[in-house]
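Have the coordinates open as you read.

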Amino acid sequence: MRMDWEELQEKSFYRSSARERAYGIVDPGTFREFLGPRDKMYSPHLVILGEAVEFDDGIVVGVGKIDKHPVFVISQEGNFVGGALGEINGAKMAYMYKIALKCYEAMEEKYGTVPEDRKPLVVVSYDSGGVRLHESNAGLVAHSECMEALWKLQNKVPNISITGSSLGAYGAQGFVCMSGDVVLANDYGRIGLTGPDVIQQEVGKDEFDASDRALIWRTMGARSKYILGDVDYLLKDTIKEFREKVKELADMSMSEISKHRHLGSLELVEDNLDLVKVAAELKIDDSMDLWKYYGNEDLDELPEMPQEEFLKVAKRRPRKGV
Amino acid sequence: MALTELNFEFTPKEPKELNDEWGHVGIVSSGDLEILIEKGNAYKGKVSFHILTTVVGFDNVWETVLGRLVDKTGLSGVKVSINDNAATPAVVKRRLQQAIENGGGLQ
């Protein structure tokens with residue numbers, strides 16, 4: 001199988017397949033896929049249901065290198081069953097975290113403390129609507145396994161979340177994405193728990209109009225998340241940009257990376273509650289009210305302007321300890 | 001209603017070998033398919049297709065589209081595995097060409 005790394009670098013992250021993202025995010029020629037298409041490990045449940053299957057079950061996992069860092073890559077494919085986590089792809093994802101931890105422990109044993117320039121990291125490119133419900137509880141089990149593994153990785157192995165593909169990170173994957181140490185996004189990134197259609201269906205059109213694209217993007221889109229502090233870095237839409245940012249993060253110390261965290265300590269819970277408090281006090285009915293509260297002007301222009309300009313003028317919510 | 005399984009075998013008049021060990025292309029989204037081409041000694045001079053599809057009753061169309069392309073290109077010495085989600089014949093043909101390209105082309 002051929003994959004032109006040079007060509008991938010300039011390619012849009014948004015338009016790339018899961019495999020292209022996985023190959024392009026690490027150094028040239030270093031990516032090794034685990035359980036790739038040739039292993040033909042696909043979902044037995046979908047076969048019984050008469051639904052189409054894919055040889056990699058909609059996820060590309062493997063290991064590559066950035067300089068001397070082993071990089072464990074998980075890359076989801078949103079075009080196959082909405083990128084949703086089932087039994088096979090869920091297990092593949094959860095095991096990558098476990099392998100990363102094993103790698104860390106093995107290095108600890110060998111070197112005493114893991115050398116800064118060799119510390120392993122996990123990079124996850126999200127493109128998922130959540131859990132594959134037609135596989136019963138298998139996807140939820142995989143989700144909880146991921147969360148457990150993430151807890152064990154905390155303060156040991158940096159875990160970088162990327163959202164920049166068509167589906168974003170929703171449902172159970174929204175959790176996992178925000179549990180990462182650092183969250184990267186391009187303008188197409190989206191993070192949420194419940195998707196627009198489900199909100200409309202459950203609470204009504206007055207609460208959330210799922211046909212209003214602008215409303216969706218200014219509520220769940222990367223720019224809004226960037227202003228509110230959920231997305232740490234907003235990047236240009238090429239694989240190269242993401243690779244370089246991951247490289248930059250890989251060279252930071254673990255304690256520096258941990259400062260980006262959004263969840264996982266009492267302080268951070270309080271920080272998040274502050275935002276809820278502000279929202280309640282302002283009685284906001286649109287995320288733009290929050291943008292304004294944090295000092296932004298030209299509210300109508302912000303979602304439209306070129307990214308470079310946006311990064312210059314956007315004022316972000318100050319976060320504790322960052 | 002399980003998936004439909006189809007198996008075909010063709011013997012091209014002028015057999016040509018794939019350059020690389022394997023090739024892979026496509027994502028199984030709606031109206032699309034995934035093709036995996038793998039070299040194997042058991043397929044010397046012929047090509048074996050194994051298809052899993054969601055669509056029922058198009059066996060003849062599959063046979064015609066694949067047979068024509070094998071005759072035209074001379075693809076041989078390989079096993080071709082396909083996962084299909086209701087792709088049209090034009091898409092099948094294009095993806096197969098891309099899969100050959102991804103496997104380094106034919107000698």
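The C-alpha atoms of chain B fill a box of roughly 40 × 25 × 20 Å along the principal axes.

The model is predicted: local features need pLDDT of at least 70, side-chain atom pairs count only at pLDDT 80 or more, and totals for chains, interfaces and linings use all residues. Residues are numbered from 1 along each chain as its sequence is written, while chains are lettered from A and ligands numbered from 1 in the order in which they are written. pLDDT is the predictor's confidence in each residue, from 0 to 100. Chain B has a mean pLDDT of 95, and 99% of its residues reach 70 or more. For the complex, the predictor gives an ipTM of 0.93 and a pTM of 0.94.

Start with chain B. Two helices and seven strands make up its secondary structure (DSSP runs numbered from the N terminus: H or I of at least four residues for helices, E of at least two for strands). Along the sequence the pattern is β-β-β-β-β-α-β-β-α. Five of the strands form an open sheet with mixed pairing, in the order β1-β5-β7-β4-β3 (chain B); two strands pair if DSSP finds at least two bridges between them. Its edge strands are β1 (4-10) and β3 (22-25) of chain B, each pairing on one side only.

Look inside that sheet. Strands β5 (residues 47-53) and β7 (residues 78-85) of chain B run parallel and are joined by seven bridges. F49(B) stands opposite V80(B) in β7(B).

Now chain A. Seven strands form an open sheet there, in the order β1-β2-β3-β4-β5-β6-β7 (chain A), again with mixed pairing. The edges are β1 (32-34) and β7 (233-234) of chain A. Strands β5 (residues 159-163) and β6 (residues 182-185) of chain A pair in the parallel sense over four bridges. In this pair, I162(A) stands opposite L184(A).

How many residues of each chain are in contact across the interface? The count is 16 from chain A and 20 from chain B, where contact requires C-beta atoms, placed from the backbone, to lie within 7 Å.

Definitions and conventions. Two residues are in contact if their C-beta atoms, placed from the backbone, lie within 7 Å.
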